[in-house]
Amino acid sequence: MIKRCHEIDVSLNDFVKDGSTFIKCYIRNADILLTPEEQVRQAILKVIYENLDLNTNFFITRVEFQNLDIAFYYNYQDKYFQPTQSPFLIIETKRDGTNLHVCKNQIINYLELNNCLNGLLLTCQTIYYLSSVSDYKLERIGLNGIKSIFNKMEPNLFFDIKRFNNARDGSIDDFKYLATKFNTSKVTFLCVDYSAPITAFLFLFKQDYIFYDICGVAAGIKKKRIKANNFLRLISISE
């Protein structure tokens, strides 16, 4: 079938199985019942990947993941840098003809629960952008507005990658930045005090010390600590 999505004719490769119409999800490669809302979801995914001229290697897309219709995450492209992260963009899709204004609180709730700054509420005719920065005011945008969100994401991605590489080379300032930003991730590093790497999380940086909890060990009353100038280098950050 052909689905008109924001002035683009999108080909959806639907098929009939057991008397019902299905489509293979663009992202999950699974057979999905082709409901009116699913038509919108699959059409906008195809538009984002095939019509916006984006470098799709820079982000990871998850569909119907943790109650979210579509969520996009940074792709750090390094097996040693895979932190726990919030999505940088959440899309809530609705069937064509839906009054999107009545769905506003739903996506605000998703944004707040997932600590995400950018949200889209859309059908194949209408796109609304909202953000905590603008107090979740609905702003009508087009496909160029979606492309702009992804383009603004890229410098943040490259900034984190640069700081990760610096921390692997021994930069304590970059290590502090990453360990603070990804505070619930497993951070593995080397220091003068111990011969084996330390894997820790929930870091605090006070005066000349680094405080942390060891992953996989019951937290004590006091955090472990080392002197900041005994830090050698970062090894990895993982979920």
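Helices here (H or I, at least four residues) and strands (E, at least two) are DSSP runs numbered from the N terminus. This is a predicted model in which local features need pLDDT of at least 70, side-chain atom pairs count only at pLDDT 80 or more, and totals for chains, interfaces and linings use all residues. Residues are numbered from 1 along each chain as its sequence is written, and side-chain values use heavy atoms, with hydrogens and water left out.

I looked up the axes of α3 (residues 143-168) and α4 (residues 172-181), which come within 8 Å and cross at roughly 125 degrees; axes are lines fitted to C-alpha atoms, for helices over the stretch in contact, and angles run from 0 to 180 degrees between N-to-C directions. Among the residues making the contact (heavy atoms within 4.5 Å), I listed Phe 159 and Phe 164 of α3 and Phe 175 and Leu 178 of α4.

I then turned to the sheet, an open one in which 3 strands follow the order β3-β4-β5 with antiparallel pairing, where two strands pair if DSSP finds at least two bridges between them. β3 (14-17) and β5 (31-33) stand at the edges with a single partner strand each, so one side of each has no neighbour in the sheet. I recorded 4 bridges between β3 and β4 (residues 20-24), and Val 16 has Thr 21 in β4 as its bridge partner.
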